[in-house]
Amino acid sequence: MTKKSALQIEKANLHIVDWLKTYAENAKVNGFVVGVSGGVDSAVTSTLCAQTGLKVVCMEMPIHQAQSHVSRAREHIEQLKKRFPNVSSQEADLTSVFEDFKKKVPQDTDSDRLHLSLANTRARLRMTTLYYFAGIYGLLVAGTGNKVEDFGVGFYTKYGDGGVDLSPIADLMKSEVFLLGAYLKIPESILNAAPTDGLFGDERTDEDQLGASYDELEWAMVQDELGKTAKDFSGRQQAAFEIYKRLNYANKHKMNAIPVCLLPNSLKK
């Protein structure tokens, strides 16, 4: 999965860029808006969008953001604007909006659930902001989720970073996103940084939250697709596989279509 040749990476890059451009032209929109976080997924997505030649707005949307995330995001945006004249940037500091929201809702609840709900609120505020800018500029919101996040463990916020118009890298494993990022010459600071969703305002990584690395989760996703079970493994492999299966099951509600209560024909007459 991670042993693609340079030619395959180049072809994948061209394929995605062509797909993005064709989709936007058919939708009769001006281009794309991308939330840039300082991570590899948003850096790769925004660079792919930039190659279409269409308008690209890179959005910074800090909410009590760790300074390292802010620095990486700005480094990427500045180099992208130098490379592509069709790229511009906007910043919407949502910290005060988030703090005002917290004043309007109950805080006297289970602390773990409260912290997770507030983290997801950050993602949903950012989604709302992306769609505001998409609306005023006539753009599509480009998603930044990869395959293992979107279709493996469901590591995203429902109607937050999962609320997008199209997903250019959702058929790429995280390892493949890194390979494409290196090919696209995104900043080394991003390629070398530990992946994090940045929703808690600290330096916790995705692996801290998930309990397994992306390499382990990719491996488990492949094994699951092959019909393997936890009994087929032992030690750390078994533990990683069980983590993958637990997250995959718990987050099915994100990955499956919204359930619809279908009325029998007898009630429609």
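**Structural briefing**

Strands S1 and S4 run parallel and are joined by three bridges. In this pairing, Gly31 stands opposite Leu139 of S4. The model is a predicted one.

**Sheet**
- S1 and S4 belong to an open sheet of four strands, with parallel pairing and the order S3-S2-S1-S4.
- Strand S3 (87-91) and strand S4 (139-141) form the edges, each pairing on one side only.
- On average, neighbouring strands of the sheet are turned by 25 degrees against each other, direction ignored.
- Helix H5 (residues 111-137) packs on the sheet and touches S1, S2, S3 and S4; the direction of H5 makes about 160 degrees with that of S4.

**Nonpolar cores**
- The largest nonpolar core comprises 33 residues, and Phe32, Val44, Leu48, Leu180 and Ile186 have the most contacts inside it.
- Elements giving two or more residues to this core include strand S1 (31-35), strand S2 (55-60), helix H1 (6-27) and helix H7 (174-183).
- Helix H2 supplies the largest share of this core, six residues.
- Leaving aside residues up to four places away in sequence, Leu180 touches Ile9, Asn13, Ile16, Val44, Leu48 and Leu172.
- A second, separate core has 16 residues, among them Ala92, Leu114, Leu118 and Leu139.

**Cysteines**
- A search of the whole structure finds zero disulfides.
- Cys58 is in no disulfide, as the nearest cysteine sulfur, that of Cys49, lies 8.4 Å away.
- Cys58 counts as buried because its relative accessibility is 0%, whereas Cys261 counts as exposed because its relative accessibility is 70%.

Definitions and conventions:
Residues are numbered from 1 along each chain as its sequence is written. This is a predicted model: local features need pLDDT of at least 70, side-chain atom pairs count only at pLDDT 80 or more; totals for chains, interfaces and linings use all residues. Side-chain values use heavy atoms; hydrogens and water are left out. A disulfide is a pair of cysteine sulfur atoms within 2.5 Å. Buried means under 20% relative accessible area, exposed over 50%, partly exposed in between (1.4 Å probe, protein chains only). A nonpolar core is a set of buried Ala, Val, Leu, Ile, Met, Phe, Trp, Tyr and Cys residues joined through side-chain atoms within 4.5 Å. Contact means heavy atoms within 4.5 Å. Two strands pair if DSSP finds at least two bridges between them. Axes are lines fitted to C-alpha atoms, for helices over the stretch in contact, and angles run from 0 to 180 degrees between N-to-C directions.
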